[in-house]
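Please read them with the structure open.

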Amino acid sequence: MQDIFPDTSPIVDRVALIGLGLIGTSLARAMRRRGLAAHIAGYAQSQKTRDAVAEMGIVDSVYDTMQNAVRDADLVILCVPVGVLGAVAQEIAPALKPGAIVSDVGSVKKAVIESVGPYVPEGVHFIPAHPIAGTEHSGPFSGFAELFDERWCVLTPLEGMGQAYAEAVDRLTHFWSACGAHVEIMEAKHHDLVLAITSHVPHLIAYNIVGTAADLEDVTRSEVIKYSAGGFRDFTRIAASDPTMWRDVFLNNSEAVLEMLARFSEDLTALQRAIRWKDADALYNLFSRTREIRRSIIEAGQETPEPDFGRSHGSEHEADD
Ligand code: NAP
């Protein structure tokens, strides 16, 4: 990976990471890579994760209570499943330092603002965030320093918050840029709608098609596996994503997902009709348009132009959310 941030001076004194899975350990590694924090404190709920992260040496201190981890931290980043963010915010609130920034990495934003917001004390800046970067792997061993490089991180700041808050947003923007990401500011509701179609519905389709194939009676499971390279295999990668994370995404972004699913169903029905009535033009025109979309994603640097996602060339990580 290209070295795009040669600067190694700390830009924040003390950072606390609550949750040390894929995103938490990737953040720790991204910070370590550039020396972005003078001290990185980490919290994980299980002893197993705490031991693993301590062994890796990617944080400076590991805590078994969230309150001790966040004490004196200038920046607290919540890297836990969306469904527990409210309870985590309630737990850490009394230990937060005045003037600190509290942020998160949750894949959903409106529900997170509703669940976390009420617990954030006066004088602490809550700035919701979502790095659009990930893989189907989870846990402390899945993280890597380059995860956020050239990916987007969306911040959905609260409205009407004043000058000190605006400065905190600038600091968080600078932090994510130094971690390798491009930063975009967006309204939370709009974020949820955009992510519903670019990430949440595609995951639902993958979970559904893999589930359907697993339940087929006339095609054996061994045939599904044997001939998977026909397209099915690519869905199985997405459908291998963390069940807890994705359960929480669908429970917390139901409105936008259902809206996009309704559109999807209508278009699927139109496709069904085109197949039934042998409407060759309709099929050809759609497939030509979709090819263009993939071309645009590659041109925007968000996907490799290598055939088969670069698999034959040993690409280790595939971008996801
Ligand atoms: P992960 O690898 O499964 O890690 C989750 C972490 O949260 C683990 O450290 C786990 O602790 C901890 N945790 C789980 N339940 C908890 C609870 N009830 N209380 C306290 N800690 C708890 O998950 P991840 O992929 O890093 O995802 C974390 C967040 O990032 C989610 O909100 C997700 O929406 C968001 N996100 C994920 C991706 C992605 O592709 N994976 C991309 C962008 C954003 P233990 O290890 O000790 O169990």
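1. Leu251 counts as exposed, at 60% relative accessibility, where exposed means over 50% relative accessible area, buried under 20%, and partly exposed in between, with a 1.4 Å probe and protein chains only. Leu251 has its place in helix α10, helices being DSSP runs of H or I with at least four residues and strands runs of E with at least two, numbered from the N terminus. Although Leu251 and Val82 are 169 residues apart in sequence, they are 9.4 Å apart in space, C-alpha to C-alpha.

2. The basis of these values should be kept in mind: this is a predicted model, in which local features need pLDDT of at least 70 and side-chain atom pairs count only at pLDDT 80 or more, while totals for chains, interfaces and linings use all residues. Residues are numbered from 1 along each chain as its sequence is written, and side-chain values use heavy atoms, with hydrogens and water left out.

3. Asp248 is also placed in helix α10, which spans residues 243-252, and Asp248 is buried, with a relative accessible area of 4%. Leaving aside residues up to four places away in sequence, Asp248 touches Pro81, Val82, Gly83 and Val84, contact being defined by heavy atoms within 4.5 Å.

4. Which residues of helix α4 are buried? In this helix, residues 85-92, they are Leu85, Gly86, Val88, Ala89 and Ile92. They lie on the same side of α4 because they cover an arc of only 160 degrees around the axis, the arc being that of the directions from the helix axis to the C-beta atoms. An α-helix has 3.6 residues a turn, so residues three or four places apart point the same way. The buried residues of α4 pack against β1 (12-18), α3 (66-70), β4 (75-78), β5 (101-104) and α5 (110-116).

5. The ligand is surrounded by 26 residues, of which the closest are Ser46, Thr49, Val80, Ser107 and Gly139; a residue is included if one of its heavy atoms lies within 4 Å of the ligand. Ligand oxygen atoms lie 2.7 Å from a polar backbone atom of Val80, 3.2 Å from an N or O atom in the side chain of Gln45, and 3.5 Å from a polar backbone atom of Gly21. The protein covers 86% of the 910 Å² of accessible area that the ligand has on its own, as computed by the Shrake-Rupley method with a 1.4 Å probe.

6. The protein is divided into domain 1 (12-187) and domain 2 (190-310), with bounds that come from an automatic or database domain assignment. The centres of the two domains, taken over C-alpha atoms, are separated by 30 Å, and 20 residues of domain 1 are in contact with 18 residues of domain 2.

7. Two backbone angles deserve a check. Asp72, in the loop between α3 and β4, has a positive phi of about 70 degrees although it is not a glycine, and Asp72 is exposed, with a relative accessible area of 52%. Lys278, in the loop between α11 (254-276) and α12 (280-299), is likewise a residue other than glycine with a positive phi, near 50 degrees; Lys278 counts as exposed at 70% relative accessibility.

8. Leu286 is placed in helix α12 and counts as partly exposed, at 25% relative accessibility. The C-alpha atoms of Leu286 and Thr269 are separated by 14 Å, the two residues being 17 residues apart along the chain.

Definitions and conventions: A polar contact is a pair of N or O atoms within 3.5 Å; within protein, one must be able to donate a hydrogen and the other to accept it, and residues adjacent in sequence count only if both atoms are side-chain atoms.
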